[in-house]
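Subject: Structure handover

Hello,

Here is the structure for you to work with. Please open it first, then read the notes below.

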Amino acid sequence: AFPPPISSAPMTSLKEICRGLPLNPLPENKGRRKGIPHAPVRTPSLTAQEKKLALRNALRYFPPEIQKKLALEFAEELRLYGHIYMYRFCPDIEMRAYPIGEYPCKTKSAAAIMLMIMNNLDPSVAQFPQELVTYGGNGQVFSNWAQFWLVMHYLSEMTEEQTLVMYSGHPLGLFPSHQRAPRLIITNGMVIPNYSSRDEYEKMFALGVTMYGQMTAGSYCYIGPQGIVHGTVLTVLNAGRRYLKAEDLSGKVFVTSGLGGMSGAQAKAAVIAGCVGIIAEVDEAALLKRHKQGWLMEISNNLDHCIARLRYDLKHNSHHSSFMESVINNYVNLERSVSEISVENNIQTFFCWVHFLQLILLLFSREARKNKIALSLGYHGNVVDLWERLVYELDTTGELLVDLGSDQTSCHNPFNGGYYPVQLGFEEGKQLLSTNPGKFRTLVQASLKRHVAAINKLADKGMFFWDYGNAFLLEAQRAGADVAKKGANKTEFRYPSYVQHIMGDIFSLGFGPFRWVCTSGDPQDLATTDSIAMSVLEDSIRQGVSTSVKQQYHDNIRWIREAGRHGLVVGSQARILYSDQKGRVSIAVAINRAISEGKIKAPVVLSRDHHDVSGTDSPFRETSNIYDGSAFCADMAVQNFVGDSFRGATWVALHNGGGVGWGEVINGGFGLVLDGSKEAEERAKMMLSWDVSNGVARRCWSGNAFAYETICQAMKENGTLRVTLPHKVVDENILEQAVKH
């Protein structure tokens, strides 16, 4: 039975949101709102019968008396946008994470879940909020707005004796369970393997029967770009250690792309790591959003300016400092105002001023890299143009201006707006995508070839590049780009993934992106949890840890100490911290006790990125450093989802896709509500221990020495943990002899 209709009134309160679908009367259909980013048009290529099926499926949410009216507008949405989002039902409310006490619920767990859902859809957090996309171009929270209303209603009515079951965005319903069971079970994209292709996905999503939840989009655990910034900082720092033999990245240049969703973390990470970061982004709205949020220091659509900022430091001479700051500010302001100046206002005068200011920059500045400034500069343009300009500078001046390089375009979704070809502007690309998707695909593949060709030229001269697990090298290979590595297995390319060379060993030590959300919404509560976490880590070092673990702890203490001043919070009052099993359990217990003692005002939600020690099986990312042949097996992620569910998680999620793309990944996550009770402490101890040990044990069995050391230590500390340990083949000759026999 569906929730009853509600009376007509603007949707301005949480209480109204929880009453169910607004049907009598229907809310006004305002369509796509102007002034906010929207998801690219999808091209599912449905037959006439399939279009009818999509409409029939959408109309199942509504009673017969209004189906005729809705059918016409739903058909129009399907025709215009390739999906039925049900824009009429996009609620008229300020979408954000409200303090947990404001949600009209029967349980704290349900209120916490509602808070997390609304945070994922907060316009300051979500990439395409009206299409219910949190990040990654197609990471859905729900498939349509009817599902949002139903879920919020079910959660408001749910008791501790019920569990809400979610099928790829669709709330199947509330089912009887028990108090120790999860309150919410989510599956997204669980498609029969032989049908888990991109083309089949586009069709099934248009039909409304499956959904791409990315990772923390569909599990309601996204915390804004902060969710990846710590990992990005660690990646850049460890890339410097490995490739450049440098602990200090001052004066080093990191070039990459993407500022829309999770990739928005790159600008902040570059500055925290102390280097110069230039990040290309084709969507101006994404650049402006990150600049407004303080995650991006400067924006330019001029490659000459970008190169000048690499070469010239505005702070070289103190007596020139304020003058040069004024010059650059005037230059940027003039550059941004070009679109406002008409021919009648003398455009020639404008360009004279621009050239004059560029000349001033050249005369009064010195090399930024030599003066070691930390800078994040957003280039409004295609990253291929940026890479090719860097090649041009190398060819004409002999100067290599970039030290480190990567890419965070949404290449898991390259032909549906995740990657825009260099041959077209952003708006032209969007238009072609909707009118001629075949030609768009061809241009994307040609663009990827140019992209890789430029990177290869710079890498041959000493620039170090890595794949960021976004399927960039995988899609470049499929496009015919030169990324092959001789004698390699099929998970290896000319350039390593960041897991293979940088983060893989960190995972094997049990460290991963642990996170928590203070549901009071009070920044002081977050500051208290930061202090607790730092104390726990410092105590652990005093008690004694291995050398490899100690370095990670020191990196984490530095992170948590500086987190507050970097303004990382976007949306909910949340924190991310790469921690191991011992650290996670200890921090959880300490936070729970602080809630019990009143030092923290409201429950705290524990979670993590699915991109973690145990959460994801992904041969081109999380498990790309698994070399025993099991990189394409998904037992770890599935077992983790199941194990978390009966060890104490408040909710669990299992997804197909995420990061590298549909059909390439199986991943899962959880949410666990700490309410200060003894039961919550026991749940945290049990569940968090399994959530890390599962993956460490699997990595140990595959032959990773760090994982072997880590799981052995865990068994010493817990007598009930017994893991099958591998025996190493000491004499490789016996294999050769056996094969020849």
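Two strands count as paired if DSSP finds at least two bridges between them. Helices (H or I, at least four residues) and strands (E, at least two) are DSSP runs, numbered from the N terminus.

Two points on provenance. This is a predicted model, in which local features need pLDDT of at least 70, side-chain atom pairs count only at pLDDT 80 or more, and totals for chains, interfaces and linings use all residues. Residues are numbered from 1 along each chain as its sequence is written, and side-chain values use heavy atoms, with hydrogens and water left out.

**Overall**

The chain has 741 residues, and 61% of them are buried. Buried means under 20% relative accessible area, exposed over 50%, and partly exposed in between (1.4 Å probe, protein chains only). The secondary structure consists of 26 helices and 17 strands. The accessible surface is about 29,400 Å², with 53% of that on carbon and sulfur atoms. Areas come from the Shrake-Rupley method with a 1.4 Å probe; for residues, only the protein chains shown count as cover. Contact means heavy atoms within 4.5 Å. Take the contacts between residues at least 6 apart in sequence: 72% join residues at least 24 apart.

**Strand E17**

Strand E17 covers residues 666–674. Of its 9 residues, 8 are buried, so E17 is largely enclosed by the rest of the structure. Its pairings are as follows.

- E16 (residues 651–656) runs antiparallel to E17, with 6 bridges. His655 sits opposite Asn667 of E17.
- E14 (residues 604–608) is also antiparallel to E17, over 4 bridges. Ser607 has Gly671 as its bridge partner.
- E15 (residues 616–617) joins E17 through 2 bridges, again antiparallel. Here Asp617 stands opposite Ile666.

**The parallel sheet**

An open sheet of 6 strands has the order E8-E9-E7-E6-E10-E11, with parallel pairing. E8 (298–300) and E11 (464–465) stand at the edges with a single partner strand each, so one side of each has no neighbour in the sheet. E8 and E9 (residues 375–380) run parallel and share 3 bridges. Glu298 has Leu377 in E9 as its bridge partner.

**Asp283**

Asp283 lies in the loop between strand E7 (276–281) and helix H9 (284–292). A polar atom of its side chain is 3.0 Å from the backbone nitrogen of Ala285. Leaving out neighbours within four places in sequence, Asp283 is in contact with His380 and Phe426.

**Helix H19**

H19 (residues 498–508) is mostly covered, with 9 of its 11 residues buried. Among the buried ones are Tyr498, Ile502, Met503 and Phe507. The buried residues pack against helices H7 (226–244), H21 (547–563), H24 (678–701) and H25 (705–717), and against strands E12 (512–518) and E13 (573–579). Gly510 follows H19 and has a positive phi, near 95°.

**Leu448**

Leu448 is in helix H17 (residues 437–460). Its relative accessibility is 0%, so Leu448 counts as buried. Not counting residues up to four places away in sequence, Leu448 touches Cys411, Tyr419, Phe472, Glu475, Ala476, Ala479 and Ala481. Its C-alpha atom is 8.3 Å from that of Val384, 64 residues apart along the chain.

**Backbone points to check**

Most residues other than glycine have a negative phi, and most peptide bonds are trans.

- The peptide bond from Asn24 to Pro25 is cis, with omega near -5°. Pro25 is in the loop between H1 (14–17) and H2 (48–59).
- Met86 has a positive phi, near 65°. Met86 lies in the loop between H3 (67–81) and H4 (108–120), and is buried at 1% relative accessible area.
- Ser168 has a positive phi of about 45°. Ser168 is in the loop between E3 (162–167) and E4 (170–176), and is buried at 8%.

Regards

Methods:
Polar contact = N/O pair within 3.5 Å; in protein donor to acceptor, adjacent residues only side chain to side chain.
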